[in-house]
Amino acid sequence: MCGIAAFLGTGTWNIASNTDWLDSVLIALSTADAAENPMAAAEPLMRLAGRFDDLMSFGLFAEMASSHETYAKVEAVRNNLAKLRDAVGKRLLNDARNDDFESLHEGLNDYLWQVEREVLEGMGTTLELMPDTVIEDADMRSRQYLAWSTEVVLASIDRLEVRGRDSAGISIVLLLPEGVRPIDRLTKGQRQELERRMAIRHGAGGVVTIHELDDGRTVCRFIYKVAQLVGRLGDNCAQLRRAIHDDGLLWSMSDGMQDVSILAHTRWASNGIISITNCHPVDGVLEDCPCEGFENTVFVLNGDVDNYQTLVRDRVLAGGGRIPQTITTDAKILPALFCLAEDRQLDTEERFRSVLNDCEGSLAVIMQTLGEPETMHLAQKGSGQSFYIGRCRDGWQVASEAYGLASRCRISYPLAERKGSGVSLMLRSDAAAGSMPQMRPLDGGAPLPLEEEPIEIFSRDIYRGDYEHYIEKEIHEAASSVEKTLYGKYRRSPGRVEFLAEGFGNGPALVHRLTNGGQRINRIICIGQGTAAVAAMSVADSLRRSLDGSGITVSNCTGAELIGFVGREPMDDVLLVPVSQSGTTTDTNRVVDICKELGAWVNCIVNRRNSPLVRKSDSYIYTSNGRDVEMAVASTKAFYSQVAAGKLLALWLGDLYGTMAPEAVQAEVDALESLPGHIETVLSAKDYIAEVASQYASRHAHWALVGNGANSVAAREVRIKLSELCYKSIPCDVTEDKKHIDLSTEPLTLVMASDLPEDVVSDTVKEVTIFKAHNGRPIVFCREDEDRFDGVAEAVIKLPKVGSGLDFVMATVAGHWWGVAAAKAIDAQAEGLRGARAMLAAMIENPDSWDRNALAAELGACCDELASGCADSCIAASVALRLSGYLRRLEALPESAGPESASLTDALDILNQAVCEMTRPLDTIRHQAKTVTVGISRA
């Protein structure tokens, strides 16, 4: 779980830019009358979209920085986009939902954000990277370009930090023209600093390397690193930005540069301790052997080198070298192998490929070498790792996730293995405009073309705002997502609600099919996978309520179960309702194909406009606005909008079939419309919910979820989020059945009881009493007017009443937040262990800092914490015993014992395992299903 970003300039930055296109775009935007005809905004928007590369170019940035007139024109573009967006939005609110209007509104929002945040605010962020003395220099274009290209990479790393953030590093390579000697322009003090930094070795940050090319040009590389045990998203890049801003050497030596190559990495440690020396990029310098030139090549790595120890033994040690003791990351073997290459006659590309062929595991790698500063080498092998390549106006961009390119590119070219030993690719700064390199299979097969993929999201989709974690943002956006789902699908008139068929995707065709389209619909089947399957369960409940008396049977199941065990009978009397967040779920889409072949009408509920599921369906309902991206977490806010869309579908069909009276429909729509406000009410009590989670989550090994009726939906969905966030295997049962199953585990049980008939409330109170009597810890989620659980449960979380079968949604919101708080509480228990690990790592890196008593005290405090039961939820007894055993051995050593007798690496292994077991990153889910693309193959 790491992230990689890179930029390689293509030498076009110094060409005078032409911004005449800005005038034509501005005229088109300012003359469009969207208030009268919303679609009038489409043509100027398309014109601006066609200039995306120019909009995000260094040329426009430089013009804006030097010309107030150009800056004002961009501001005018922003203002006109806002006016058009508002005009189209007003029509959307007042008219039936319309795909064209909605898509146009989203496009205007996209480009308004792009201009305001990425262009105007981005200019300020880039200039802040430059010292004031450089900004005031009239001849600063080359250093403006350095700041601009560096910020391109840092902004990408900012977004990729969700893949890991315990350390980060960036390598900035400057290519200076023939005859330019950067040292000549330095002051005496700067020369002394340069001498000191050129002497830095073994992975430490701040190192500067200078290399003279045969053609007289000079290459300078500056490496910056930061490492911290626990940090918030954004902290690492903020620290890197400060270091770059404050580096007078960088800004002095870059004056007049020809081009740049930048490589950055954000790390989630899997091999090696968290330290500056283990932070990527890593060079090839070894100990105990000649290493001339080994510092010139650096690598970054996502993934693991599975045969690392074997390679160290057979290639490094056998060759007389030794990896420095302070470097324990397996990434070190990559530049070492490159520099130790047995066949020095191979060119750079072939040596790079041989490194990948020697390594086993799942890898994504980039190499930057000072001997060839105008190239960058990429490779990928194994599953789970990839690169996305983008071509912008001024160079190549690379990111390990497509969203790392979203602010600068509209098209990506994935570099991914296709049933083989892996692939490599070389980027060149002199590549012809519009050309794309080919992938070369590592096993020697024929070159493969890169396949173009549009980037469908913009940076606004992945903006975290002021939230510490993405899932907190998603939960807080749930209310808005529900509101957007309801827009344009009905209108109110006195005494009734009028549903607008044209407000649903191909809604008139669905009406025709249900009323006079041939074979009568006798069955409605709701399907999904994961969270979507739970939402499908809610949709089925809503349809059963609304269609009572219609003779239509309603059922729900996972898609795989439907096709695997129901059979292949004709389905021409079936309305299939698949639910999906992305519309790309392999299992769901395969089932849709099969059901359509058997005659079913497919009406999907999906978040992604124009997704594969939409194209397969006969009709559809978009959740939210048809493009509500969720970052770093499984479907969360989408769940609420899926429930709302299903409820809306149920009420529409109830009205269409006449199984619901107009006043009943109106009352249920009232309840549905109140849902966003009630979600906000639940979140207003998030501090109390977090307090309950913090008190219980980290101390109990066994957890359980129970619910009955509609509460079963809440229980199942909360179980999914708790499992993903807290790394727990959690059973989910019907409330009354729990006592017959596993009371023996004495679990911490979350009881979903927010939507219960009166006679069921009494029974549920009895069940909770039984749970507690058997030494369990029941926490009840119930309605705010219910007090019968107060003296029975360990804790009670009170929730607002919604009605119309929607009270379970309140329990789900509270349960989601409880899960976030529980994960944080568990993670917090690792703080002492992280501190001990940092102390131990410092002693390993610098044996002179060895202090047996200090280490024993730190480890003793950790053991005392574990003995208190504060981490019983997550740490294995074997790990705690190993730590205690090590402490006893450490304390038994004589006062004079040195670090070599303390088996520090053994202690480090124990602490690494303990920290790993207790860490809950929230923004990255271990083994998350979205990284797996294999689905069912049933036909």
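Colleague: Which residues in α18 meet α22, and which residues in α22 do they meet?
Modeller: This is a predicted model. In α18, the residues are Thr531, Ala532, Val534, Ala535, Ser538, Val539, Ser542, Leu543, Arg545 and Ser546. In α22, they meet Phe639, Gln642, Val643, Gly646, Lys647, Ala650, Leu651, Leu653 and Gly654.

Colleague: How many residues of that contact are nonpolar, polar and charged?
Modeller: The contact of α18 with α22 divides into 10 nonpolar, seven polar and two charged residues.

Colleague: At what angle do the axes of α18 and α22 cross?
Modeller: The axes of α18 (residues 531–546) and α22 (residues 637–657) cross at roughly 25°, and they come within 8 Å. The two helices are therefore roughly parallel to each other.

Colleague: Is the crossing of α18 and α22 left-handed or right-handed?
Modeller: The crossing of α18 and α22 is right-handed.

Colleague: Let us turn to α1 and α5. Where do their axes run?
Modeller: The axes of α1 (residues 20–31) and α5 (residues 68–94) come within 9 Å and cross at roughly 30°. That makes α1 roughly parallel to α5. Here α1 passes α5 in a left-handed crossing.

Colleague: Which residues make the contact of α1 and α5?
Modeller: From α1 there are Leu22, Asp23, Leu26, Leu29 and Ser30. From α5 there are Thr70, Lys73, Val74, Ala76, Val77, Asn80, Leu81 and Leu84. By class, this contact of α1 with α5 has eight nonpolar, three polar and two charged residues.

Colleague: Now the sheets. In what order do the nine strands stand in their open sheet?
Modeller: The order is β3-β4-β2-β5-β1-β11-β10-β12-β16, with antiparallel pairing. The edge strands are β3 (208–212) and β16 (453–454), each of which pairs on one side only.

Colleague: How many bridges join β1 to β11?
Modeller: Five bridges join β1 (residues 3–9) to β11 (residues 395–399), and these strands run antiparallel. Leucine 8 stands opposite tryptophan 396 in β11.

Colleague: Which strands does α8 lie across?
Modeller: Helix α8 (residues 141–160) lies across β1, β2 (167–176), β5 (259–267) and β11. It runs at about 160° to β1. Helix α9 (residues 188–198) also packs on the sheet, where it touches β3 and β4 (218–227). The direction of α9 makes about 90° with that of β3.

Colleague: And what is the order of the seven strands in the other open sheet?
Modeller: They stand in the order β6-β7-β8-β9-β13-β14-β15, and the pairing is antiparallel.

Colleague: Why is one side of β6 and of β15 left without a neighbour in the sheet?
Modeller: Strands β6 (282–283) and β15 (448–449) stand at the edges and each has a single partner strand, so one side of each has no neighbour in the sheet.

Colleague: Which helix packs on this sheet?
Modeller: Helix α14 (residues 348–358) does, touching β7 (297–303), β8 (363–369), β9 (375–381), β13 and β14. Its direction makes about 25° with that of β9.

Colleague: A change of topic: is the peptide bond from histidine 280 to proline 281 cis or trans?
Modeller: That bond is cis, with omega near 5°. Proline 281 lies in the loop between β5 and β6.

Colleague: What is phi of tyrosine 727?
Modeller: Phi of tyrosine 727 is near 55°, a positive value in a residue other than glycine. Tyrosine 727 is found in the loop between α25 (711–726) and β25 (732–734).

Colleague: Finally, what is the mean pLDDT of the chain?
Modeller: The mean is 91, and 96% of the residues reach 70 or more. Over residues 927–939, however, the pLDDT is below 50.

Technical notes:
Residues numbered from 1 in each chain as written. Predicted model: local features only at pLDDT ≥ 70, side-chain atom pairs only at ≥ 80, totals over all residues. Heavy atoms only, no water. Axes fitted to C-alpha atoms, helices over the stretch in contact; angles between N-to-C directions. Helix = DSSP H or I, 4+ residues; strand = E, 2+ residues; numbered from the N terminus. Parallel < 35°, antiparallel > 145°, perpendicular 65-115°, else oblique. Left-handed = near helix turned anticlockwise from the far one by under 90°. Contact = heavy atoms within 4.5 Å. Nonpolar A, V, L, I, M, F, W, Y, C, P; charged D, E, K, R; others polar. Pairing = 2+ DSSP bridges. pLDDT = per-residue confidence, 0-100.
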